[in-house]
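Hello,

Here is the structure we talked about. Please open it and keep it beside you as you read the notes below.

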Amino acid sequence: EPVSGPDVPTVRPAQYLYEVENTGTVPLRDVSPTDDRCAPLVLEDGDSNGDAVLDPEEVWVYTCETTLSRSQGTPPPTGAESALVTNTATVTGVPFLPESPGVTGPTQTATDTAQVLVIQPGIAITKPASPSAVRVGSSVTYTFAVTNTGGVGLDVIGPSDDKCAALI
């Protein structure tokens, strides 16, 4: 079981950045970005004139954070392997003519995907003694076996033992 300090993993949320750009020639209103794995999307920057209209060539920047799990991978992992989680962002907007606000065009839609590798680190150690019973003052040999039980490479630091000198 992990104890406090470096043995306790920290869970860091996935942080997504969305840039919504009007690549057309007329403004868009009712701009609505969504993400199938993350909500809410927060508008951070871009509506420079504050009119809630995505003007041509204007770029609005949204952010979102969420904690992902390996079970969201496609396909979900069956063991301790890492998982690739794909999410899809979709944005819609309605084109209109400012001089004729009641005249609108068909809703415009764009999508994009992102993938995040959700890793599953894991490590195990065994320490059998040979022989398993000794008399006082007799020697015993310990054999350490370190195994990577997760789905990602590890840099092993150690091992160390509180009863034995340097391990080789």
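This is a predicted model: local features need pLDDT of at least 70, side-chain atom pairs count only at pLDDT 80 or more; totals for chains, interfaces and linings use all residues.

**What turned up**

A search of the whole structure finds one aromatic pair.

**Salt bridges**

Side chains of opposite charge can pair when their charged atoms come close. How many salt bridges does a search of the whole structure find? Two.

Take Asp-161 and Lys-127 to begin with. Their side chains meet at 2.5 Å, N to O. Asp-161 lies in the segment after strand 11, while Lys-127 is in the loop between strand 8 (123-126) and strand 9 (129-130), so the pair ties together parts that are 34 residues apart in sequence. Is Asp-161 buried or exposed? Asp-161 is buried, because its relative accessible area is 16% and the limit for buried is under 20%. Lys-127 is partly exposed, at 37%. Lys-127 has an aromatic contact as well: its charged end sits over the ring of Tyr-142, 4.4 Å from the ring centre.

The other bridge joins the side chains of Arg-29 and Asp-30, at 3.8 Å, N to O. Arg-29 is partly exposed, with 26% relative accessibility. Asp-30 is exposed, with a relative accessible area of 53%. Arg-29 also lies over the face of Phe-96, at 5.2 Å from the ring centre.

**Backbone points to check**

Ala-52 is found in the loop between strand 3 and strand 4. At 51% relative accessibility, Ala-52 counts as exposed, because the exposed class begins over 50%.

Where are the cis peptide bonds? One joins Ala-39 and Pro-40, with omega about -5°. Pro-40 is found in the loop between strand 2 and strand 3 (42-45). Another joins Thr-74 and Pro-75, where omega is also about -5°. Pro-75 is placed in the loop between strand 4 and strand 5.

**A nonpolar patch on the surface**

Which residues form the nonpolar patch on the surface? They are Ile-123, Ile-125, Val-146, Leu-154 and Val-156. Together they have about 420 Å² of accessible area. Val-146 is in strand 11 (residues 145-148). Val-146 counts as partly exposed, at 37% relative accessibility.

**Where to look**

For the charged contacts, go to Lys-127, which meets Asp-161 in a salt bridge and sits over the ring of Tyr-142. Then turn to Arg-29, which meets Asp-30 in a salt bridge and lies over the face of Phe-96.

Best wishes

How values were computed. Residues are numbered from 1 along each chain as its sequence is written. Side-chain values use heavy atoms; hydrogens and water are left out. Patches are made of residues with over 30% relative accessible area and no salt bridge: like charges are joined within 9 Å, nonpolar side chains (Val, Leu, Ile, Met, Phe, Trp, Tyr) within 5 Å. Accessible areas come from the Shrake-Rupley method with a 1.4 Å probe; for residues, only the protein chains shown count as cover. A salt bridge is a side-chain nitrogen of Lys or Arg within 4 Å of a carboxyl oxygen of Asp or Glu. Helices (H or I, at least four residues) and strands (E, at least two) are DSSP runs, numbered from the N terminus. Buried means under 20% relative accessible area, exposed over 50%, partly exposed in between (1.4 Å probe, protein chains only). Rings of Phe, Tyr and Trp (its six-membered ring) pair if their centres lie within 6.5 Å; planes under 30 degrees apart count as stacked, over 60 as edge-to-face and the rest as tilted. A charge sits over a ring if NZ of Lys or CZ of Arg is within 6 Å of the ring centre and within 35 degrees of the ring normal.
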